[in-house]
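Please consult the sequence and the model while going through the numbered points.

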Amino acid sequence: MNKLTWGDSGLRDGADNLVLDSQQIIVTRTDHVPLLRFYESTRTVALGAYEDKDFAVRSAYCQAKSIPIIRRLTGGGTSYLYPKQISWSLTLPVQHLNIEQWLDIICMAVCDGLSNSGHENIYFNNPNDIYANGQKLGSVYVGVLDNVLIANGTLFRSLDINTMLHALRVPKEKLTPAGIHTATHRFTTLPNLSDAGLLQLKASLAHAIAQSCNLPSIMQIPWINNTSQTYVCDHHNLPENAHESTYSGFITTSGGVLHGRIQFDTDLRISSLHLNGNVYIRPHNLFRKIESVLRGASETEITRRMDNLFYENQWELYGFTPHHIMVLLRRLFEQHGIAVKLSIAPSSASSFMIHDPDGTMDAFDIVAKADTLLVPYCAKPAWCKWRHKDGCSQCGKCDVGEVYKVARQQGLNVTTVRNFEHLEIALKALKKRGTKSYLGMCCNNFYIKREYAFRSANMPALLLDIAGANCYDLMQEQSAYSGEFSAESSIDLGVAEKVIRLAGRKPMQ
């Protein structure tokens, strides 16, 4: 293979850097030249190649702060780019390695490059984060397009934690002054390097990457490229998939969160399907292939079509399997069944989150066996004396009182969850007394970030997404976790009542 050619394209906006990535791929594919480009970016949110923007980014905040949103060519989660980061893009012809191996090789190369330039206690944390002395220093993301490997990476020279935590939904850190202060200590930066020091570090990184990728040598060049501003619009105006007849859902996997949106024709066949996730897949257009193959399929035809697709094509899914995609598709079909049986809108049916550790129960099985309802305190009025207490006077002045009333009529135990620690305690108590399943309410952001708490309880649950002023949209997660959130979320009372009235009954036929 040819020597690794590297250079620095300087400071540009995120869309321009994305254009340069595309140009790199073309040169590497046509001329078989491995390329490594260092650069800086103006403030930009970069979605992973397959991510759903609605679940990954606080778009309103980005718009208010004039932070553009683009979509990377590499998989994984969303990143926040800004000046004073060392950013880089690597392209080289694909060798016979899988995504996990490429992540390992390139992350180790970055660690070697840092260590060889004098930095100490450098290591990477699976799957793609670079650490120094126990603090995050940067990240690596990979993808494969047209038989070309592309890797993007960042190393922090300065921190903009406040903007990052406000712009991205994904980080688990809290959005209070104390939370941001704590988050700052989870990250670290490179020392203040001179221009000569930066050049030496980039040369060390290039050399380590060349060695790790079995390239014979490196060659530095000046990086001069023109970019087309017409390309910017394609990434600023990312398509929205909302539609009144669309069903949407997600499942969590060890490789990331998979999201799906689906529409059906009058014969209950797939007329439109969109798959997304903060995941790594190969080939780059695998989700699009699945969407195409399943168009026009009924639920009973999905398995055969999926099996044929994966049998006839080379593919790779990092941290999840085709089975997880099948589970997501079944959930989307199930939402249509929920909408029909409960006579509710697709958007309301999409608000259900099914937590089924064994994957053997549908929504109505879970409801039929449920003996408990968990209600979040944030759905109670701020003026209510019961807001932070486990109970309700059923005074008739709020929807939570009606929920309590209907649930008690059905013989369900009702618990108001006062904070995150109380949730963990309540779930352990349910497990101890032999509860087979339960009903609950929470926002989908909370479920995604705290799914481990539901998983550790190891009980099936049907959760109803709450709307209104939830703590994630208002950026008050920490106060919500500690039980001090002051705004009011809302419950779809009509939908909640219909579900609760099925509790304890046999599954609907």
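Which element supplies the largest share of the lining of the second largest cavity? The answer is given in point 3.

1. This is a predicted model, in which local features need pLDDT of at least 70 and side-chain atom pairs count only at pLDDT 80 or more, while totals for chains, interfaces and linings use all residues. Residues are numbered from 1 along each chain as its sequence is written, and side-chain values use heavy atoms, with hydrogens and water left out.

2. The chain contains 19 helices and 23 strands (DSSP runs numbered from the N terminus: H or I of at least four residues for helices, E of at least two for strands). Of its 509 residues, 56% count as buried, that is, under 20% relative accessible area with a 1.4 Å probe, protein chains only. Among contacts (heavy atoms within 4.5 Å) with a separation of 6 or more, 70% are between residues 24 or more positions apart.

3. The structure holds 6 cavities of 30 Å³ or more. A cavity is a set of points on a 1 Å grid over the protein atoms alone where a 1.4 Å probe fits but cannot get out, and its lining residues have an atom within 4 Å of a point. The second largest cavity has a volume of about 140 Å³, volume being the space filled by probe spheres set on the points, which are joined across faces, edges and corners. The largest share of its lining, 4 residues, comes from α1. Helix α1 (14–31) and strands β2 (35–41), β5 (79–81) and β10 each supply at least two lining residues.

4. Of the 16 residues that line the second largest cavity, Asp21, Tyr39, Arg72, Leu81 and Asn152 lie nearest its centre. Asn152 belongs to strand β10 (residues 148–156). Is Asn152 buried or exposed? Asn152 counts as buried because its relative accessibility is 5%. Residues touched by Asn152, beyond those up to four places away in sequence, include Asp21, Tyr39 and Arg72. The side chains of Asn152 and Ser89 are joined by a polar contact of 2.9 Å (a pair of N or O atoms within 3.5 Å; within protein, one must be able to donate a hydrogen and the other to accept it, and residues adjacent in sequence count only if both atoms are side-chain atoms).

5. Ile281 lies in strand β15 (residues 281–282). With a relative accessibility of 1%, Ile281 is likewise classed as buried. The C-alpha atoms of Ile281 and Gly143 are separated by 7.5 Å, although the two residues are 138 apart along the chain.

Conventions:
Buried < 20%, exposed > 50% of the residue type's maximum accessible area, 1.4 Å probe, protein only. 1 Å grid on protein atoms, 1.4 Å probe; cavity = no way out; pocket = protein on both sides within 12 Å on 5 of 7 lines; lining within 4 Å.
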